[in-house]
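Student: Hi! Could you walk me through this structure? I'm new to it and would like to take it piece by piece.

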Amino acid sequence: SNTGVQPKLSLIRDLFAPNPKAARPLASTTPLNAPATAPTMTAAATIVKTPAAPTESAVKPSAAAPTPLPITKPAVAPAAPAVASTGNPEQEVSAAVRSWATAWSAKNTGDYFSAYGKEFDAPGGRKAWEEERKKRILGKNKISVKLDNLAVSVNGNKAQARFKQNYNADSLAVSSRKTLDLVKSGDRWVIVKESTGS
């Protein structure tokens, strides 16, 4: 019946009861009906790097880049076969005659005609003779002119060359004796007359 003891006894019963009442929660500074706060992000934010703009040196070509080589045009062949001056007239005449045969074999009509001087006694005139010779030379698929037993005699600015000529063109093969008369024109020996036979 003691009113002062009853609250104490009630508390003791609660503490020692088989199913004690849940203890009163401690006072919280957060109201029960307070809205839940958003979880704090603990992961580090992903940083997206944008590619850097190309530098001026990357845009412009390097100064050390190789410079393309200039295109060179092939040298134009001389109109006449060059024969070096040796100081020996017989050797110079022999070289001029062999150059003439080489141009003929190569069907090089420019060098072939330039081996003849302006004084050459062309049958039917120089122009007609050149046209006829050009047709014969260019009309062959293959030409071979070989000289054997070349003998040269020089008298001042005049010379004579004798040799055996072996001419082969396509199916034609001819061997004959030939004589060329030459004169010195400037620093070149040119043909002014040719004859076949002994």
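Tutor: Happy to! Let's start at lysine 107, which comes after helix H3 and has a positive phi, near 60 degrees. Keep in mind that this is a predicted model.

Student: Okay, and what caps the N-terminal end of H3?

Tutor: That would be asparagine 88. One of its side-chain oxygens lies 3.1 Å from the backbone nitrogen of glutamate 90.

Student: How far apart are the end C-alpha atoms of H3, and what should the helix span?

Tutor: H3 covers residues 89-105, and its 17 residues should span 24 Å at 1.5 Å a residue. The end C-alpha atoms are 24 Å apart, so the two values agree.

Student: Which residues of H3 are buried?

Tutor: Among them are Val93, Ala96, Val97, Trp100 and Trp104. Glu92 and Ser94 are on the buried list too.

Student: And what do those buried residues pack against?

Tutor: Two helices, H4 (109-114) and H5 (126-138), plus the strands S1, S2, S3 and S4.

Student: Let's switch to the strands, then. In what order do they sit in the sheet?

Tutor: The order is S1-S2-S3-S4, in an open sheet with antiparallel pairing. S1 and S4 are the edge strands, each pairing on one side only. On average, neighbouring strands are turned by 25 degrees against each other, ignoring direction.

Student: How many bridges join S1 and S2?

Tutor: There are 11 bridges between S1 (residues 143-155) and S2 (residues 158-169). Alanine 151 stands opposite arginine 162 in S2, and aspartate 148 has lysine 164 as its bridge partner there.

Student: How about S2 and S3?

Tutor: Those two are joined by 12 bridges, and S3 is made of residues 172-185. Lysine 164 turns up again here, standing opposite arginine 177 in S3.

Student: And how many join S3 to S4?

Tutor: Eight bridges, again with the strands running antiparallel. For an example, look at leucine 182, whose bridge partner in S4 is isoleucine 191.

Student: What about the hairpins? Which residue takes a positive phi in the one between S1 and S2?

Tutor: Glycine 156, near 70 degrees, in a hairpin with two residues between the strands. The hairpin of S2 and S3 also has two residues between its strands, and there aspartate 170 has a positive phi near 55 degrees. In the hairpin of S3 and S4, glycine 186 has a positive phi near 70 degrees.

Student: I clicked on leucine 180. Is it buried or exposed?

Tutor: Leucine 180, which lies in strand S3, counts as buried because its relative accessibility is 0%, and the cut-off for buried is under 20%.

Student: What does leucine 180 touch?

Tutor: Leaving out residues up to four places away in sequence, its contacts include Val97, Trp100, Phe163 and Ile191. Val97 and Trp100 are among the buried residues of H3. Also, the C-alpha atoms of leucine 180 and arginine 162 are separated by 6.6 Å, although the two are 18 residues apart along the chain.

Student: Last topic: how many aromatic pairs are there?

Tutor: A search of the whole structure finds 10. One of them is tyrosine 112 with tyrosine 116, an edge-to-face pair at 5.4 Å centre to centre with 65 degrees between the planes. Both tyrosines are buried.

Student: Which aromatic cluster do those two belong to?

Tutor: Tyr112 and Tyr116 belong to a cluster that also includes Trp100, Trp104, Phe113 and Phe163.

How values were computed
Residues are numbered from 1 along each chain as its sequence is written. This is a predicted model: local features need pLDDT of at least 70, side-chain atom pairs count only at pLDDT 80 or more; totals for chains, interfaces and linings use all residues. Side-chain values use heavy atoms; hydrogens and water are left out. Two strands pair if DSSP finds at least two bridges between them. Helices (H or I, at least four residues) and strands (E, at least two) are DSSP runs, numbered from the N terminus. Buried means under 20% relative accessible area, exposed over 50%, partly exposed in between (1.4 Å probe, protein chains only). Contact means heavy atoms within 4.5 Å. The expected span of a helix is 1.5 Å times one less than its number of residues. A polar contact is a pair of N or O atoms within 3.5 Å; within protein, one must be able to donate a hydrogen and the other to accept it, and residues adjacent in sequence count only if both atoms are side-chain atoms. Rings of Phe, Tyr and Trp (its six-membered ring) pair if their centres lie within 6.5 Å; planes under 30 degrees apart count as stacked, over 60 as edge-to-face and the rest as tilted. Axes are lines fitted to C-alpha atoms, for helices over the stretch in contact, and angles run from 0 to 180 degrees between N-to-C directions.
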